[in-house]
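Please read them with the model open.

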There are 2 protein chains.
Amino acid sequence: MTAAIVETLIARMGAGRVSLDPSDLEAHALDWSSRALLARRAGEPSSPPIAVVRPHDATEVACVLEWAGETDTPVIPFGGGSSVVEGIGGSGHIVVDLSNFDYVSDVDTRSRLVTVGAGVTGPQLRTALESSGYLLGHEPQSHDISTVGGWVATRACGQLSAGYGGIEALVAGLEAVLPGGRTIRTKIAPRRSVGPDIGALMLGSEGVLGIVTEVTLRVTPIPEIRMDACLRFDHMRDAIAACRALAQSRLSPTLVRAYDAEDTVLLTMGLEDPPTGPLLLMSFEGDDASVRAEAAVSLAGGERLDDSIVAHWWSHRNAAVGEYTKNMSGAGLLGPHAMIDTMEVAGTWTVLRDLYHSMKERLGEHADFVTCHVSHIYPDGACLYFTLGKSCTDDEAAATSNEKWWAIGMTACLEAGGTISHHHGIGRLRARWLPDELGESFEVLRAVKAALDPQGIMNPGALGLAPR
Amino acid sequence: MTAAIVETLIARMGAGRVSLDPSDLEAHALDWSSRALLARRAGEPSSPPIAVVRPHDATEVACVLEWAGETDTPVIPFGGGSSVVEGIGGSGHIVVDLSNFDYVSDVDTRSRLVTVGAGVTGPQLRTALESSGYLLGHEPQSHDISTVGGWVATRACGQLSAGYGGIEALVAGLEAVLPGGRTIRTKIAPRRSVGPDIGALMLGSEGVLGIVTEVTLRVTPIPEIRMDACLRFDHMRDAIAACRALAQSRLSPTLVRAYDAEDTVLLTMGLEDPPTGPLLLMSFEGDDASVRAEAAVSLAGGERLDDSIVAHWWSHRNAAVGEYTKNMSGAGLLGPHAMIDTMEVAGTWTVLRDLYHSMKERLGEHADFVTCHVSHIYPDGACLYFTLGKSCTDDEAAATSNEKWWAIGMTACLEAGGTISHHHGIGRLRARWLPDELGESFEVLRAVKAALDPQGIMNPGALGLAPR
């Protein structure tokens, strides 16, 4: 049955576009979520796609989606596969791998725009832009392994969002293919009042509405100067207050992060004579970076430390990706069956301190350590990024701990008035709390989904929609 | 038939909520579009609503929409009625007037948020915020006669958008009632990655998807210092280049406007010894406003003029509303049958100069004057705001001229790669060009509309959707 369906796909697309190689299928079966990594560590069989399709352009993507509609086959779009919230799942589905969408246009220096294929990775884009003297400024921790299409589909947010904004601020327009093969392309304009923003529906859509194939992005000349500053506080509440003062000032930091005492331990690992206690890290860019950095130090209060800690952060900022993998392969410091996970939430400044204490306390009852930093700031609130770890006797205990963390963490977050995801997204992992998060808007989302994907073939199960 | 329907509405809502007073119905029959004002000038009979309903809360709005669904009655939400693009129209409909949604919460000074009813007008909000030392920073020319709900529904943009952003940047969350009485309420959070942004569908929805009832807005402390600067250029292209340099700098102006030579004449009316030629007006706010203003003058080039012209703009900035009315009542300078209209479009910097010349030249063939200013700037482009005027022999000739302007202007805009509306919206006036503007996204918009309003009762005809 499956084989017959796949034959019709090959007939439609050509054998060169469709991979049935078992290792290729396996490489597209799981993401970077804890559940997936536990499955890998335990050597459990996964539920791989029945085929991996690699179209070369939007017309070919439309062709795949037409075929999927005709054969009622579920489709999961695939960029870097680095979701940590079970963005991939189900069975009997195909994966549409966008790695052939790897082009980067010349920078339009007049309007500071670049148009890129959805499969372009962070490093590819950075290299291409650097040659023209530009940067995007979108630097999620997954930067080196994730793609532009994935950033859009998950509503990603980079570590430098204080300076450059989340991905929604950087997208000037996009092309996407919807079920049935309908292709939308937003006009590139600085701003429009031409009805509801249909292209923006793809931001955060996690593959449930269609496949992002191309994105036009706003870029910035690479700043020549960066100034760092590091401050120490006695209490996390003072570091949070400093974040708020900075976010509500006109000082335009590029980076602001506030670590609680426990997270400072993780941050400063490998440093000789590391500082203790809550730390505030800041970076400023541009000609007047040093003036603004000094003004920020005055505004924030706290004790000035050696600023090189910030440079240490810049050079190690994505190292957690490697550590995470090492842990999940059983080679981590916490032992072969350890569980480590991260949980990012957000809230207004009005609820943030309660959100911090409530989640930290309740999660702390079920983990060896719970650390937290403020990772993204806004005039009206911030993101809290928790890291949790526990030594477990076996992988089953690790899985149980993980499930408990999510149930406790999401419930505590909602009770404290927080929002359940700042930038990792929902996937399947957080789907059960999405109706609480969205209220009646969840029913509207279901209606929009049913209108655009009446068969429910796009990434069924993600966002808790139309599981098959 | 109509009377019987209205009786059921009164029975449902209570007589105190439903007005059948002819002058009240007439006052809700037309907006501020040229077509409407011509109709008023000619004393033509309008097509008023069959009733004006004034609900007091979201539950009552839901009740109205349930009734409308049961009786298949079209519904037009009404704020200030100041649309200039035929936001109101049709026949056999009711109007939902939101003037009872007139509350303003205390400012949450910690998160800098305020929650207000959709019927709150610009002056009401300004007064309420001023008492706490805050402002919104959203100042469209219609500020004094329009409402918060209208700003959201039309995706409005104020004159100070360089400093404060368009309405989309100021909305932290909203409540809206959809057909059938379903009420959505977005969680207030600085940022979320929790699926597509359903609440954002209401931005620019122009009443076709539901009724915005409440909005939570981001506010800013009133800056103590404002510095103005005025520069003169020999050519509009140099003034446009200066706008681009400012938009792509880190100087954060609050206001940037560049007038071509003809628009300078309108701008400086009433001034003794007015300057001639293209002018650039800038304002900066905050403690370092003067430093940034001086840096902007250096960056922009041009000849420095007396900065008081900018103060003149600030004090007369909404006077056009009165002039417009005067003209349309037949008492304007251009004679009793004159036609005056405005047309705002946008484009990237890459297309902007062509867009300016093409529209100016082609519109100029059919008008006594066509003036233009750059009214809103962004790193990737700007808004061009045209004002057109013509003396006409009679009102029929005035109507014909107006129709010609829109056909020529919108076509020229689309051909030059511009976007057909920056902030006035689509209404019925621009509906015929919306499919060209949106491409296949227009079909997606139709599908979303059909999903949320299957009977097509919400403002039928606006955005070119489901005319009845």
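**Notes on the predicted model**

1. In chain B, four strands make an open sheet in the order S5-S9-S7-S8, with antiparallel pairing. Two strands count as paired if DSSP finds at least two bridges between them, and the helices (H or I, at least four residues) and strands (E, at least two) are DSSP runs numbered from the N terminus. Strand S5 (113-117) and strand S8 (183-185) of chain B each have a single partner strand and stand at the edges, so one side of each is left without a neighbour in the sheet. On average, neighbouring strands of this sheet are turned by 15° against each other, direction ignored.

2. This is a predicted model, in which local features need pLDDT of at least 70, side-chain atom pairs count only at pLDDT 80 or more, and totals for chains, interfaces and linings use all residues. Residues are numbered from 1 along each chain as its sequence is written, chains are lettered from A and ligands numbered from 1 in the order in which they are written, and side-chain values use heavy atoms, with hydrogens and water left out.

3. Within the chain B sheet, strand S7 (residues 171-177) and strand S9 (residues 211-218) run antiparallel and are joined by six bridges. B:Glu175 stands opposite B:Glu214 in S9(B). Helix H4 (residues 58-71) of chain B lies across S7, S8 and S9 of chain B and runs at about 45° to S7(B). Such angles run from 0 to 180 degrees between N-to-C directions, with axes fitted to C-alpha atoms, for helices over the stretch in contact.

4. Chain A also has an open sheet of four strands, in the order S5-S9-S7-S8 with antiparallel pairing. Its edge strands are strand S5 (113-117) and S8 of chain A, each pairing on one side only. Strand S7 (residues 171-177) of chain A pairs with S8(A) in the antiparallel sense over three bridges, and A:Val177 has A:Thr183 as its bridge partner in S8(A). Helix H4 (residues 58-71) of chain A packs on the sheet, touching S7, S8 and strand S9 (211-218) of chain A, and its direction makes about 45° with that of S7(A).

5. How many residues of chain A are in contact with chain B? There are 77, facing 77 residues of chain B, where contact means heavy atoms within 4.5 Å. The two chains bury about 6100 Å² between them, 54% of it on carbon and sulfur atoms; buried area is the accessible area (1.4 Å probe) that two parts lose on being put together, summed over both. A:Arg110, A:Pro190 and A:Arg191 supply 13% of the area that chain A buries against chain B, more than any other three residues.

6. Chain A and chain B share 10 salt bridges, a salt bridge being a side-chain nitrogen of Lys or Arg within 4 Å of a carboxyl oxygen of Asp or Glu. One of them pairs B:Lys187 with A:Glu437, the closest N and O atoms being 3.1 Å apart. The elements that give two or more residues to the side of chain A that touches chain B include strand S15 (339-348), helix H14 (349-364) and helix H17 (441-452) of chain A. H17(A) provides the largest share, eight residues.

7. Over all chains the structure holds 48 salt bridges. A:Glu415 forms one with A:Arg362, with the closest N and O atoms 3.1 Å apart. This pair links distant parts of the chain, 53 residues apart: A:Glu415 is in helix H15 (residues 395-415) of chain A and A:Arg362 in helix H14 of chain A.
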